[in-house]
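This briefing is meant for a reader who is meeting the structure for the first time. Please look through the sequence and the model before going on to the notes below.

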Amino acid sequence: VLGFSFLLIAIEGGLEGKIAMSGLLAVVSMAAVIRIKCIPKVSKRLSEKFGKLWIAAEVILFVLVGVSSIRAHAQDYNWAIGVRGGVTATGLSVKYNFDPANSIEALVDFVQGVNVYALYERNIPVITSGFHFYYGGGVNLGGWEKHGDTKFTAGINGIVGLEYKIASIPLAFSVDYKPCLNFAGHTGFHAADFGLGIKVAF
């Protein structure tokens, strides 16, 4: 049934300019006839299977719309400098948008020793103008202080967050979640790192 439906759509394209035909209407008509003429049990099974297929199609459509939005919208600034307050990274934040969808951000933490975080972030415009959802990951290096003991520590990080850039003034606010896994030095997984940030954007 699905293969024949694609065939009808393909026939419409092949006959374009020669014979007027709507492949979509043909598919809908075929579905209506199957629904009416088919054995109820078989009809129900087909309906359930195509319902599951439609869920997958909705997911694909959502992804495609998201990708088109990324291409259509850019971040509202190139550079931003400010501060972030969090559990494993509290200090200076510098962000650079090097194309419409991609950014790099550096965080310098002064609370747990001196640690530098380098993060790659992917930006997606959401909600309305000025809002961007972002996600990504990176690494951290530095002298991590724990219970008065400072060790050279290295780790990997993930990040997901939401940022809002005010249109009328050069300020951007953000909230994020940044889990950290240290694999050298003071090892351990830090899951509860939520942060708030404010930056001057230009």
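This is a predicted model: local features need pLDDT of at least 70, side-chain atom pairs count only at pLDDT 80 or more; totals for chains, interfaces and linings use all residues.

**Salt bridges**

- Lys-95 also meets the side chain of Glu-121 in a salt bridge of 3.3 Å, taken from N to O; this pair again links distant parts of the chain, with Lys-95 in strand β2 (residues 91-99) and Glu-121 in strand β4, 26 residues apart.
- Like the pair described above, Lys-95 and Glu-121 are both buried.
- The side chains of Lys-199 and Glu-105 form a salt bridge at 3.6 Å, N to O, and this pair links distant parts of the chain, with Lys-199 in strand β10 and Glu-105 in strand β3, 94 residues apart.
- Lys-199 and Glu-105 are both buried.
- A network of salt bridges links Arg-84, Asp-176, Lys-178 and Asp-193.

**Asp-176 and its surroundings**

- Asp-176, a member of that network, lies in strand β7, which covers residues 171-177.
- Is Asp-176 buried or exposed? Asp-176 has a relative accessible area of 6%, and because buried means under 20%, Asp-176 is buried.
- The side chain of Asp-176 makes a polar contact of 2.6 Å with the side chain of Arg-84.
- When neighbours within four places in sequence are left aside, the residues in contact with Asp-176 are Arg-84, Tyr-134, Ile-159, Val-160, Gly-161, Asp-193, Phe-194 and Gly-195.

**The cavity**

- The count comes to one cavity of 30 Å³ or more, and the largest cavity has a volume of about 60 Å³.
- Of the 13 residues that line the largest cavity, those closest to its centre are Arg-84, Glu-105, Ser-174, Asp-176 and Lys-199.
- The elements that give two or more residues to this lining are β1 (79-85), β3 (102-109), β4 (113-125), β7 and β10 (194-201).
- By residue type, the lining of the largest cavity divides into five nonpolar, three polar and five charged residues.
- Two of the residues closest to the centre of the largest cavity, Lys-199 and Glu-105, are the partners of a salt bridge already described.

Terms used:
Residues are numbered from 1 along each chain as its sequence is written. Side-chain values use heavy atoms; hydrogens and water are left out. Helices (H or I, at least four residues) and strands (E, at least two) are DSSP runs, numbered from the N terminus. Buried means under 20% relative accessible area, exposed over 50%, partly exposed in between (1.4 Å probe, protein chains only). A polar contact is a pair of N or O atoms within 3.5 Å; within protein, one must be able to donate a hydrogen and the other to accept it, and residues adjacent in sequence count only if both atoms are side-chain atoms. Contact means heavy atoms within 4.5 Å. On a 1 Å grid over the protein atoms alone, a cavity is a set of points where a 1.4 Å probe fits but cannot get out, and a pocket is an open set with protein on both sides within 12 Å along at least five of seven lines; lining residues have an atom within 4 Å of a point. Grid points are joined across faces, edges and corners, and a volume is the space filled by probe spheres set on the points. Ala, Val, Leu, Ile, Met, Phe, Trp, Tyr, Cys and Pro count as nonpolar, Asp, Glu, Lys and Arg as charged, and the others, Gly among them, as polar. A salt bridge is a side-chain nitrogen of Lys or Arg within 4 Å of a carboxyl oxygen of Asp or Glu.
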